[in-house]
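Hello,

Here is the structure I promised to pass on. My notes follow below it.

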Amino acid sequence: MAIPLDYETLRLIWWLLLGVLLIGFTLTDGYDLGVAALMPFIGKTDEERRLAINAVAPHWEGHQVWFILGGGAIFAAWPFVYAVSFSGFYLAMFLLLAALILRPVSFKYRSKHADPAWRSRWDWAMFVSGLVPALVFGVAVGNVLLGLPFRLDSDLRTFYEGSLLGLFSPFALLTGLLSVAMIVMHGAGFLAVKIEEGPVLERARRFGTFAALLCIVLFALGGVWVAMGQMGFRLEGVIDAQGPSNPHYSQTVAAPGAWLDNYGRYPWMMLAPVLGFAGPLIALMGIRSRSHALNLTGSSLATVGIISTVGLSMFPFIVPSAIDPQSSLTAWNASSSHLTLWIMLLVTLIFLPIVLAYTAWAIKVLFGRVTIEQVRTNPDFY
Amino acid sequence: MDMAVVELSRLQFALTAMYHFLFVPLTLGLSFLLVIMESIYVMTGKEIWRVTTRFWGKLFGINFVLGVATGITMEFEFGTNWAYYAHYVGDIFGAPLAIEGLMAFFLEATFVGLMFFGWDRLSKVGHLFVTFCVALGSNLSALWILIANGWMQHPAGSAFNPETMRMEVTDFYAVLFNPVAQAKFVHTVSAGYVCASVFVMGVSAWYLLKGKWTNVARRSMMVAAAFGLASSLSVVVLGDESGYALTDNQKMKLAAIEAMWETEPAPAGLSIFGFPDMDKHVTHFDIKIPYVLGLISTRSLTGEVMGINDLVLKADERIRSGLIAYDAVEKLKTDRTSAPAREAFELHKRDLGYAMLLKRYVPDPRQASDQQILMAAKDTIPDVPVMFWLFRMMAGIGFFFIAFFALAFYCASVCQFNKRWFLKLAVVIVPLPWLAIEGGWVLAEIGRQPWAVEGVLPTFLGASSLTISQIWTTIVGFTLLYGTLAVIEVRLMIAAVRKGPVEHPPASSEGGQQQGNAGFAPLPAE
């Protein structure tokens with residue numbers, strides 16, 4: 001079969017789709033994570049907490065699929081990235097999985113007994129299940145920016161020198177906190193459009209304000225750190241963007257400061273960090289003016305801006321290696337075969353619009369603010 | 001490779017996969033039972049069927065959450081614990097997993113929210129459509145997962161690429177329409193339908209024994225009996241058997257299931273009892289039915305079913321051929337353009353995986369002695385006694401279910417489920433489908449050993465480079481987490497069953513009777 005797009009183009013498309021998936025995940029599942037992390041604080045009474053839970057409940061399954069799809073798509077399109085990062089972050093991945101398993105279970109099982117002690121336990125389980133993934137994602141991104149401690153042998157088997165605690169370096173903690181702030185801001189923003197006016201919504205506005213401010217400060221700090229700190233990698237020699245996916249065929253060197261190279265070469269990329277700052281500001285405006293839609297728009301734009309900033313700064317690197325730069329994974333040496341990328345693109349072009357269409361329909365059917373009255377009377381509510 | 005890391009990784013995978021599959025079969029089957037019940041509601045307009053649908057929907061929900069939650073682990077475990085496997089076959093294996101997410105899981109997960117929360121917001125037909133999408137989504141999920149698993153059993157449509165040191169797809173249609181995958185899909189979803197039917201029968205029988213909710217229980221039993229009979233026939237008739245003649249490993253699996261050490265003249269007999277002896281390669285107290293095995297597995301009177309000893313000899317040959325391919329790959333690593341190495345590789349590439357079996361005994365397979373080659377060839381025999389007995393347990397339960405549902409069908413038409421001994425039987429056998437299903441998976445996966453991917457990648461090479469303490473940490477972690485959730489799940493299930501269909505009573509109980517519910521108790525029971 002003749003493939004109408006060349007290998008380089010397909011790799012670029014799949015690099016973009018990787019970004020789309022991460023952003024899609026954060027926009028959708030970030031809502032659930034943010035609300036879960038706020039659970040013990042956003043509602044003072046059981047009814048108030050149930051209000052927040054039921055604003056998320058019909059959607060969490062659909063949102064969670066972004067995470068699973070992300071895993072599957074990375075596996076299919078970037079098998080090296082899947083293998084190196086998931087085994088490299090082994091214990092962190094476990095924490096993440098445990099938290100993500102705990103979350104839906106908490107939503108569902110909390111409601112099965114009226115006992116306050118039972119419910120309070122699940123509220124704290126929800127807090128953990130929202131906070132831990134948000135933190136781990138951010139810490140992981142920070143470590144990827146710094147480079148992971150792995151090397152590949154001639155069979156392309158991965159060997160890893162690092163520990164769980166080693167992941168929590170000061171810079172990674174900063175990106176972890178940024179991630180928490182971003183997700184809490186987004187969760188609070190989403191909640192503001194999904195529940196009726198009242199004390200819970202007021203608290204969501206307050207937490208949203210705090211998170212948005214923190215987001216701006218941490219994003220700025222992170223930018224300064226990337227610019228001043230000793231991080232960055234660069235490809236050397238002939239770059240074969242059409243070549244076979246084998247890191248041993250390309251040459252990488254550690255080049256402190258190289259994460260800013262792209263902005264010099266392509267000034268339009270500055271749009272991403274600008275959006276990263278504009279988003280939280282728009283969210284703040286929305287919160288102040290009680291325009292909840294504007295609030296949610298702002299938090300969504302912030303997510304797009306911040307994640308794009310990381311991706312664009314590193315391009316074409318996806319997972320650089322700190323201990324053996326030669327093993328670094330890039331968009332040109334870590335993808336699936338030409339044929340697989342093409343088939344997966346076709347599948348995506350067919351099914352993603354269908355998914356978006358029925359997701360939109362589901363949102364439409366369930367549209368409207370959840371009210372305390374519904375929480376009291378609807379037997380289907382958690 | 002540290003074999004302890006491999007064994008622990010296998011243990012963890014087995015634990016998490018088997019735990020995940022406690023919930024999946026019920027989701028597969030109950031979703032379609034919900035579609036049937038809700039269809040009856042939409043067609044007849046009788047409130048009692050809405051009550052019935054919503055009751056089973058509630059149990060479906062409790063089960064569904066854990067199915068989804070534990071499925072996440074599976075999607076990521078190939079990367080965390082089987083990183084070299086993920087690199088080596090991700091080009092092919094990743095695709096069905098990603099497509100599963102995009103095509104099936106999104107459908108299932110988006111619509112399940114609507115299914116639970118959309119009763120008041122959708123028309124009757126609209127809600128039925130939503131329920132149907134959930135059933136379709138969960139069953140399509142199974143299709144893609146089994147395409148992935150089928151490829152591990154029979155790696156069609158792919159080839160090793162020495163430039164990237166991994167398997168790459170050559171023919172996607174061959175991966176999709178893999179006959180092993182198709183047989184597995186039908187077999188697995190049918191087993192799920194049986195499982196859900198037995199579950200519905202059991203819970204309903206318990207209500208009838210207690211005299212509670214008899215109107216819901218009788219109707220549920222009726223549906224489950226019919227659905228269960230069709231599914232239990234499908235699970236046995238459309239079993240995996242058809243795929244067993246395809247590859248050497250599949251042949252080995254069949255021979256191991258039958259503990260057939262020597263190739264017999266066609267048509268071979270089917271062993272129904274015996275004690276296989278792994279050391280001496282004989283089966284003690286073997287009782288055979290002549291001709292049957294040859295007929296089932298080759299669909300002919302003349303087809304030969306190969307015995308274990310001959311398959312080992314064949315493996316020995318393939319290892320030697322694979323060594324030539326291995327040598328060529330090593331040469332291509334240093335000189336990408338070497339034409340002679342390319343040529344040698346192309347001639348022997350289909351046996352490359354066999355040479356890698358030697359890595360268990362010697363770091364460079366090319367240095368292996370004849371003795372080591374023979375040891376590696378013998379490694380291609382899976383655990384025969386385990387295979388032999390697991391298969392008999394699974395098949396025995398399968399045949400039992402055909403008889404059980406035939407009886408249920410008879411009971412439904414003759415005595416309206418009034419026989420207490422039958423109801424007690426229905427309650428007692430509820431765990432059996434899970435036993436058969438888990439046994440079936442163990443059989444399929446033990447039978448594939450020593451391969452992660454048949455003839456391509458030995459299991460022990462697929463593991464990540466982790467430390468033993470790391471893996472123990474996650475095994476203990478998963479066990480604690482999953483154990484706690486299992487206890488909670490079972491308690492919630494029992495509580496929901498005890499409570500019965502109370503949350504969604506019909507609009508008015510008299511109305512229910514006027515609509516022609518004569519012969520059945522009104523809600524609440526009696």
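In β4(B), V282(B) is the bridge partner of D277(B). The model is predicted, so local features need pLDDT of at least 70, side-chain atom pairs count only at pLDDT 80 or more, and totals for chains, interfaces and linings use all residues. Residues are numbered from 1 along each chain as its sequence is written, while chains are lettered from A and ligands numbered from 1 in the order in which they are written.

Strands β3 (residues 270–277) and β4 (residues 282–289) of chain B pair in the antiparallel sense, over six bridges. (Two strands pair if DSSP finds at least two bridges between them; strands are DSSP runs of E, at least two residues, and helices are runs of H or I, at least four, numbered from the N terminus.) Four residues sit between β3(B) and β4(B). H281(B) takes a positive phi there, near 55°.

Next, helix packing in chain B. Helices α6 (residues 179–210) and α7 (residues 214–237) of chain B pack at about 155°, with axes 8 Å apart. (Axes are lines fitted to C-alpha atoms, for helices over the stretch in contact; angles run from 0 to 180 degrees between N-to-C directions.) α6(B) and α7(B) are therefore roughly antiparallel (over 145 degrees). Their contact has 15 nonpolar, ten polar and no charged residues. (Ala, Val, Leu, Ile, Met, Phe, Trp, Tyr, Cys and Pro count as nonpolar; Asp, Glu, Lys and Arg as charged; the others, Gly among them, as polar.)

Helices α10 (residues 308–334) and α11 (residues 339–348) of chain B pack at about 145°, axes 8 Å apart. Residues of α10(B), including S321(B), G322(B) and K331(B), meet residues of α11(B), among them R342(B) and F345(B). (Contact means C-beta atoms, placed from the backbone, within 7 Å.) That contact divides into eight nonpolar, three polar and two charged residues.

Now the two chains together. Their contact takes 61 residues from chain A and 60 residues from chain B. On the side of chain A that touches chain B, α12(A) gives the most, with 13 residues. That side holds 40 nonpolar, 15 polar and six charged residues.

Last, the record. An unreviewed UniProt entry places "transmembrane region" at several spans of chain A, including residues 12–42 and 266–287. (Positions use the numbering here, feature names are shortened, and annotations may be inferred rather than shown by experiment.) Residues 12–42 of chain A are 100% helix, with end C-alpha atoms 42 Å apart. Residues 266–287 of chain A are 77% helix and 0% strand, with ends 34 Å apart.

Best wishes

Key
Angles under 35 degrees count as roughly parallel, over 145 as roughly antiparallel, 65 to 115 as roughly perpendicular and the rest as oblique. Two residues are in contact if their C-beta atoms, placed from the backbone, lie within 7 Å.
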